[in-house]
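The questions below ask how each term was reached.

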Amino acid sequence: MIGDMIAKAREEKNMTKAELARLANIDLGHLSHIEKGERNPSHKTLKLICQALEIPYQQLMYTYDKNLSEEQESYGALDHMSYDKIILVDTIDNFITCPANMPGASLAVKMPDDSMAPTFKKGDTLFIEFNTLLDNKEVGIFSVDDKIYIRRFIGKKNKVILDADNPHVKKLELAKNQPFFIIGKILNK
């Protein structure tokens, strides 16, 4: 998946493979293998590629050992993954220990409302793994129209549903081409 994200960023910046390889000071053949998913870049090479693309390194690092499933490919998951956005945290309440059973956690947030009750109640601490694709019925954190939602993901061929577990909260039905971003996956079970 990391190769797909590099290719996506390169193409959206209207950059050729040869240009990216030159700017990153890496072999064109090596870059081609990376983009095809035949090789993973070293951390040093990934940093050079990100520097050449002028994008944050960590966003792609989260995709390092991930692969797209057929289901994820069918709903166009890569179209909803961000390579150049980072989350804005406007308050910091505490610094907590990451539970041993959630080694992929990147950040912890408090559940802002009761939209996911009874699964998660308002105020529950949720552990997030950034830039992780979701399988159907997994809970994630999303950006839709500049608003952040924590919802259960349901990916279909022509639409995506961000469903609330609370039956009193309306689900969000998004057309396949409607812009939204998967920020990450909620690791709490």
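Axes are lines fitted to C-alpha atoms, for helices over the stretch in contact, and angles run from 0 to 180 degrees between N-to-C directions. This is a predicted model, in which local features need pLDDT of at least 70 and side-chain atom pairs count only at pLDDT 80 or more, while totals for chains, interfaces and linings use all residues. Residues are numbered from 1 along each chain as its sequence is written, and side-chain values use heavy atoms, with hydrogens and water left out.

Q: What makes α2 roughly perpendicular to α4?
A: Helix α2 (residues 17-24) and helix α4 (residues 43-53) pack at about 115 degrees, with axes 8 Å apart. Angles of 65 to 115 degrees count as roughly perpendicular, under 35 as roughly parallel, over 145 as roughly antiparallel and the rest as oblique. Therefore α2 is called roughly perpendicular to α4. Helices here are DSSP runs of H or I with at least four residues, strands are runs of E with at least two, and both are numbered from the N terminus.

Q: Which residues make the contact between α2 and α4?
A: L20, L23 and A24 of α2 meet L48, I49, A52 and L53 of α4, where contact means heavy atoms within 4.5 Å. By class, this contact has 7 nonpolar, no polar and no charged residues. Ala, Val, Leu, Ile, Met, Phe, Trp, Tyr, Cys and Pro count as nonpolar, Asp, Glu, Lys and Arg as charged, and the others, Gly among them, as polar.

Q: Why is the pair R10 and E35 called a salt bridge?
A: The term requires a side-chain nitrogen of Lys or Arg within 4 Å of a carboxyl oxygen of Asp or Glu. For R10 and E35 the N to O distance is 2.7 Å, so the pair counts as a salt bridge. R10 lies in helix α1 (residues 2-12) and E35 in helix α3 (residues 28-35), so the pair ties together parts that are 25 residues apart in sequence.

Q: Is R10 buried or exposed?
A: The relative accessible area of R10 is 7%. Buried means under 20%, exposed over 50% and partly exposed in between (1.4 Å probe, protein chains only), so R10 is buried. E35 is buried too. E11 has 48% and is partly exposed.

Q: What does D165 pair with?
A: D165 forms a salt bridge with R152, the closest N and O atoms being 2.7 Å apart. D165 lies in the loop between β5 (159-163) and β6 (172-175) and R152 in strand β4 (residues 147-155), so the pair ties together parts that are 13 residues apart in sequence.
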